[in-house]
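Please have the sequence and the structure open while I speak.

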Amino acid sequence: CMNITNIDDKIIKKSNETGKSWKLIANEYEAEFWEDLDSLGVDQPDIKIRVTDEIPKIIKFIESIEEKGFTKISDDGSVYFKTSAYNNYGKLQNVVLDESSAADFALWKGSKPDEPSWKTKWGEGRPGWHIECSTLASLVFGSNIDFHAGGVDLRFPHHENEEAQSCVFHGVSNWVTNWIHTGHLHMKGQSEKMSKSLKNTVSIRELLQEHSSDQFRVACLLSHYRSSIEFGPDLMIAADAVLKKLQSFKDDAKAFVMGLKIDSAIDEEKLIMACIKCKKEVKEALSDDFNTSKAVGCLSELMSVVSKMINNDQSTRESSLDSSEKAIVQATVNYIDEVFIKFGVGKREGIKKDNVKMENLVNSILKVRNEIRMNAKAEKSKELFKVCDSIRDTLRENGIEIKDQNGTVSTWNKN
């Protein structure tokens, strides 16, 4: 569930500066937000609630808090939450505040010139920032929420205020069971978080001009969600290395299962034990406060074990590949794929299944190249080998990577 703030100070300011309707501006920002999420392969929430659609419910929420004696009214018709009346205020920060009114916050803002407003018994005005989140989340989840997420900068005062007013409204000691606070994204070499006001941002569209959505997703996976991330070339190179290793592993495994790696030696018992160990460690890592970085490291280690076995040339091998060897390798691929897919990696990358024409074209080029390779080997022709190398290099320049398997057979993938 996600609540959408379609009225706030910034939207009103933009409306007054441009002469556009605040509703139109809010709709444009929201449409751009959903487009960016889609381009990153992020699923949209099941439930979306917009603030201005629920104004009557927000007013009733405030009235309930007022009836319990936790509000004060200012001369301009604004309604404030009295933090001094709530004994547990400051619990998310683990601090005790004095009896002053400095921490009191607006539930309802009295109207000002050139601002949209709604009628209430306190006069015209609009919702405060914190009250909208409590009201809309309570409409869906009621008096208790298992998980509530947001940036670490929202812990205080936003989440502290949400918790206080919601506990008062519902008459509970804890409204949220688990708060999840994510670290900030910084530009490399800067201490401040990315912010439009500081003009140190990289837009999603700018990001995707140089990097894939999977690269950015893996970059996030390589850091614990509570940690800050330094965005820069080093981070994206590390993320790209993980994706390339994953693709190379899958290519090797596919070639093995197809029988193109006949000299490989698979230690089934060792591989089964490695899989069991990896599954256990991945589960433990994710159970330990969603430690995705450690989980990705475990998967990378398992990929190394499999690739080493597949590429371990056993030229003296007498028997053909056992079906059980192929089965355990494929099962390992399926497991690693499953975890990465759950992480959202692979949603928008690679060659799509419906891109049949491109696949057929590349396969046809590879077929011709393999025939040239066979003739080059038979005739021991350096010139023909150069032609093969030229075709490979040209395809690589266009994002197609070729792997020569077992002498005369080749496989390919898109970088």
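Let me begin with one residue. Aspartate 252 is buried, with a relative accessible area of 5%. Please bear in mind that this is a predicted model, and that every value I quote is computed from it.

What partner does aspartate 252 have in a salt bridge? The partner is lysine 403, and the closest N and O atoms of the two residues are 3.2 Å apart. This pair links distant parts of the chain, with aspartate 252 in helix H8 and lysine 403 in strand E11, residues 400-405, a separation of 151 residues. Lysine 403 is partly exposed, at a relative accessible area of 22%, whereas aspartate 252 falls in the buried class at 5%. Salt bridges that share partners also join Asp389, Arg392, Asp393, Arg396 and Glu401 into one network.

Over the whole structure, the search returns 28 salt bridges. I shall describe two further examples.

In the first, glutamate 30 and arginine 50 form a salt bridge with their closest N and O atoms 2.5 Å apart. Glutamate 30 is buried, having a relative accessible area of 10%, while arginine 50 is partly exposed at 25%.

In the second, glutamate 230 forms a salt bridge with lysine 188, and here the closest N and O atoms are 3.7 Å apart. Glutamate 230 sits in strand E10, residues 229-231, and lysine 188 in the loop between strand E9 (185-187) and helix H6 (204-210), so the pair ties together parts that are 42 residues apart in sequence. Are these two residues buried, partly exposed or exposed? Glutamate 230 is partly exposed, with a relative accessible area of 42%, and lysine 188 is partly exposed as well, at 47%.

I turn now to a sheet. Four strands form an open sheet in the order E3-E4-E5-E6, with antiparallel pairing. Strand E3 (71-73) and strand E6 (125-127) stand at the edges with a single partner strand each, so one side of each is left without a neighbour in the sheet. On average, and ignoring direction, neighbouring strands of this sheet are turned by 25° against each other.

Within the sheet, strand E4 (residues 79-81) and strand E5 (residues 105-110) pair in the antiparallel sense over three bridges. Valine 79 stands opposite tryptophan 108 in E5, and tyrosine 80 stands opposite alanine 106 in E5. E5 also pairs with E6, again in the antiparallel sense and over three bridges; there, glycine 110 has glycine 125 of E6 as its bridge partner.

How much of E5 is buried? Five of its six residues are, so E5 is largely enclosed by the rest of the structure. Helix H3 (residues 55-67) packs on the sheet and touches E3, E4, E5 and E6, its direction making about 125° with that of E5.

Cysteine 167 lies in helix H5, residues 155-170. With a relative accessibility of 2%, and the limit for a buried residue being under 20%, cysteine 167 counts as buried. Neighbours within four places in sequence aside, cysteine 167 is in contact with Tyr86, Lys91, Val172, Ser173, Asn174 and Trp175. The C-alpha atoms of cysteine 167 and serine 143 are separated by 8.0 Å, the two residues being 24 apart along the chain.

My last item is helix H11. Just after H11, glycine 344 takes a positive phi of about 90°.

Thank you for your attention.

How values were computed:
Residues numbered from 1 in each chain as written. Predicted model: local features only at pLDDT ≥ 70, side-chain atom pairs only at ≥ 80, totals over all residues. Heavy atoms only, no water. Helix = DSSP H or I, 4+ residues; strand = E, 2+ residues; numbered from the N terminus. Salt bridge = Lys/Arg side-chain N within 4 Å of Asp/Glu carboxyl O. Buried < 20%, exposed > 50% of the residue type's maximum accessible area, 1.4 Å probe, protein only. Pairing = 2+ DSSP bridges. Axes fitted to C-alpha atoms, helices over the stretch in contact; angles between N-to-C directions. Contact = heavy atoms within 4.5 Å.
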